[in-house]
Number of protein chains: 2
Amino acid sequence: MTSTDFIAEPRSPQVVITREFDAPRELLFRAHTDTDLLVQWSVPRGLTMTVDRFDLRDGGAWRYQHWEEDGTDHAFHGIFHGEPSPDGIVRTSESEDRPGHVSLWTVTFPERGGRTLLTHNTVYQSVEDRDLDLRSGMRESASDAMDRLAELLTFLAPVSR
Amino acid sequence: MTSTDFIAEPRSPQVVITREFDAPRELLFRAHTDTDLLVQWSVPRGLTMTVDRFDLRDGGAWRYQHWEEDGTDHAFHGIFHGEPSPDGIVRTSESEDRPGHVSLWTVTFPERGGRTLLTHNTVYQSVEDRDLDLRSGMRESASDAMDRLAELLTFLAPVSR
């Protein structure tokens, strides 16, 4: 299994996470847009994810919740910019635990020879906002999520091309 | 007249522009949301601005064009994240001259003693995208725009508070 690269430069409000998968980009796109699949890999380990809204279109709203075992929930919401496609997904994101702090999240799926270099690029309004995510275990969560995504992909049949 | 601060740190995909105005934040908010006012100050000098769409609400779309004297146009569009208010405006932005490159633009209007520290915070998907804006004269355009905004504000009556 390949490993996850996690780039967070000092004094830059950005995190770039990449992972190569032995799968075509259409499969990766499905895993990011079919919410039945999304909830299986993208939530931090130990939490459960429910999706309230996922209006996958230019200007569409999304909102999901992460639930702790004791019933505490953490909700996130935002808006899709542009039409989500295998060329990429761009959306805003705001944690309802910290209203007013918004990030821009870009997912791309560049494919080379049947393998896909999944890239999650997050830019924050400030380095402080980015550092708060880093301190709350973002690196470990991302690595876990990518491992689970790799496992999930082994169950999914490739889309006919 | 106060001067415009322009912060663009090396190797960071961000630009922060600030300018103090002797005006309440409601006036600054109007100048950013009434498109009849917006076109008077926010376009680079020598260009004319027209607004196609400015749907000022959470998830609303905006699009405007900058016209050169020879009729060449440069269009920009995006989506508002959250309800625009004097507490702030957050929106995505994409230049149609360079599709697929998106930035997140946050305007805030913190007020202290009747004066407002207008802040324009832009974060880009990459340092390269940021540097392209810097090389195309962003600093000079911002300084011009803030000077014109200061002039415009002298014509606007304060909102009753």
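Me: Which class does Arg98(B) fall into: buried, partly exposed or exposed?
Reply: Relative accessible area decides this (1.4 Å probe, protein chains only): under 20% is buried, over 50% is exposed, and the range in between is partly exposed. Arg98(B) has a relative accessibility of 31%, so it counts as partly exposed.

Me: At what pLDDT do side-chain atom pairs count?
Reply: Residues are numbered from 1 along each chain as its sequence is written, while chains are lettered from A and ligands numbered from 1 in the order in which they are written. The model is predicted, and side-chain values use heavy atoms, leaving out hydrogens and water; totals for chains, interfaces and linings use all residues, local features need pLDDT of at least 70, and side-chain atom pairs count only at pLDDT 80 or more.

Me: Which residue meets Arg98(B) in a salt bridge?
Reply: A salt bridge needs a side-chain nitrogen of Lys or Arg within 4 Å of a carboxyl oxygen of Asp or Glu. The side chain of Arg98(B) meets that of its partner at 3.0 Å, N to O, and the partner is Asp129(B).

Me: How many residues apart are Asp129(B) and Arg98(B)?
Reply: Helices (H or I, at least four residues) and strands (E, at least two) are DSSP runs numbered from the N terminus. Asp129(B) is in helix α3 (residues 127–135) of chain B and Arg98(B) is in the loop between β6 and β7 of chain B. At 6% relative accessibility, Asp129(B) counts as buried. The separation of this pair, which links distant parts of the chain, is 31 residues.

Me: How many residues apart in sequence are the parts that Arg112(A) and Glu20(A) tie together?
Reply: The two form a salt bridge, with the closest N and O atoms 3.5 Å apart. Arg112(A) belongs to strand β8 (residues 111–112) of chain A and Glu20(A) to strand β2 (residues 14–21) of chain A, so the parts tied together are separated in sequence by 92 residues.

Me: What area is buried between chain B and chain A?
Reply: Buried area is the accessible area (1.4 Å probe) that two parts lose on being put together, summed over both. Carbon and sulfur atoms give 62% of it here, and the total is about 1,600 Å².

Me: Which element gives the most to the side of chain B that touches chain A?
Reply: Contact means heavy atoms within 4.5 Å, and 24 residues from each of chain B and chain A take part. Across this interface the rule finds zero salt bridges. Elements including β6 (88–95) and β7 (102–108) of chain B each supply at least two residues of the side of chain B that touches chain A. With five residues, the one that gives the most is β5(B).
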